[in-house]
Amino acid sequence: MSPQTQMTPNRIVDSLVQRGVIQRPALEEAQATAQETGMQLESFLVENKLASDVDMALAFSDYLNLPPMQLKSFSPSEQLLELIPQETMQRHSVVPVARVAKLLTVAMADPFDVVALDQIQAVTGLDVVPVIAPESQVNELIERSASESGAGLADILRDVAEGDDIEVGMEEVD
């Protein structure tokens, strides 16, 4: 999540308190420290291990009335991954999880990142529907998908190097 000086809406922090994730005095101290350092409260809470990214995802889900999603066992298809550039997925911690007709569902760590949603809509030409996922799971899935596609390329290059049945042509220029 990007550092910002905005304070997290009260309903999000209330959700954390109600769930027993953090006590009110510790939360108030964290809010003051985050504001002094210019950090976004949710980033401060996660970085200082006062709340997990799963706790934050559930709090965002409650606040925005968006469904949460666990990505630990999820593997998006190659066709889904090709819809959004890898760099965009990494920069915005967002990954495509489903496509139905003109709707693309994306799991994202920061549901307030409207720039990411707009950019994905512009790149894909699809209507984008967000779901909330823990940041660590989104980033792990992005890394896993990048390494799998890189492994596929490595296999192709190895096969090319070992094979005798490959011809490379050159175009003559007049």
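Which residues does Val95 touch, not counting residues up to four places away in sequence? In this predicted model, Val95 touches Leu71, Pro76, Leu81, Met89, Thr105, Val106, Ala107, Val138, Leu141 and Ile142, where contact means heavy atoms within 4.5 Å. The chain has eight helices and three strands, arranged along the sequence as α-α-α-α-α-α-β-β-α-β-α. Helices (H or I, at least four residues) and strands (E, at least two) are DSSP runs numbered from the N terminus.

**Basis of the values**

- Residues are numbered from 1 along each chain as its sequence is written, and side-chain values use heavy atoms, with hydrogens and water left out.
- Because the model is predicted, local features need pLDDT of at least 70 and side-chain atom pairs count only at pLDDT 80 or more, whereas totals for chains, interfaces and linings use all residues.

**The chain as a whole**

- Of the 174 residues of the chain, 36% count as buried; buried means under 20% relative accessible area, exposed means over 50%, and partly exposed lies in between (1.4 Å probe, protein chains only).
- The chain exposes about 10,500 Å², of which carbon and sulfur atoms supply 51%; accessible areas come from the Shrake-Rupley method with a 1.4 Å probe, and for residues only the protein chains shown count as cover.
- Among contacts between residues at least 6 apart in sequence, 61% join residues at least 24 apart.

**Nonpolar cores**

- The largest nonpolar core has 23 residues, and Leu71, Val95, Leu104, Val106 and Ala107 touch the most other members.
- A nonpolar core is a set of buried Ala, Val, Leu, Ile, Met, Phe, Trp, Tyr and Cys residues joined through side-chain atoms within 4.5 Å.
- A second, separate core of 17 residues includes Leu27, Ala34, Leu41 and Ala57.

**Strands and their pairing**

- Strands β1 and β2 pair in the antiparallel sense over six bridges; two strands pair if DSSP finds at least two bridges between them.
- Within this pairing, Arg99 has Leu104 in β2 as its bridge partner.
- The hairpin of β1 and β2 has two residues between the strands, and Ala101 takes a positive phi near 55° there.
- Strands β2 and β3 pair in the parallel sense over six bridges, and Leu103 stands opposite Asp127 in β3.
- Strand β2 is mostly covered, with five of its six residues buried.
- Together, β2, α7 and β3 make a right-handed β-α-β unit; a crossover is right-handed if, with the strands pointing away from the viewer, the path from the first strand over the helix to the second runs clockwise.

**Helix α7**

- In helix α7 (residues 114-124), the residues Ala116, Leu117, Ile120 and Thr124 are buried.
- These four residues lie on the same side of α7, because they cover an arc of only 100° around the axis; the arc is that of the directions from the helix axis to the C-beta atoms.
- Val115 and Ala122, on the other side of α7, are exposed.
- The packing partners of the buried α7 residues are α6 (86-92), β1 (94-100), β2 (103-108) and β3 (127-132).
- Gly125 follows α7 and has a positive phi, near 75°.

**Individual residues**

- Ser93, in the loop between α6 and β1, has a positive phi near 50° although this residue is other than glycine.
- Ser93 counts as buried because its relative accessibility is 10%.
- Ala101, in the loop between β1 and β2, is likewise not a glycine and has a positive phi of about 55°.
- Ala101 has a relative accessible area of 63% and is therefore exposed.
- Gln137 belongs to helix α8 and counts as buried because its relative accessibility is 5%.
- Leaving aside neighbours within four places in sequence, Gln137 is in contact with Asp53, Val54, Met69, Gln70, Leu71 and Lys72.
- Asn10 is found in helix α1 (residues 10-18) and counts as exposed, at 55% relative accessibility.
- The C-alpha atoms of Asn10 and Tyr63 are 9.3 Å apart in space, while the two residues are 53 residues apart in sequence.
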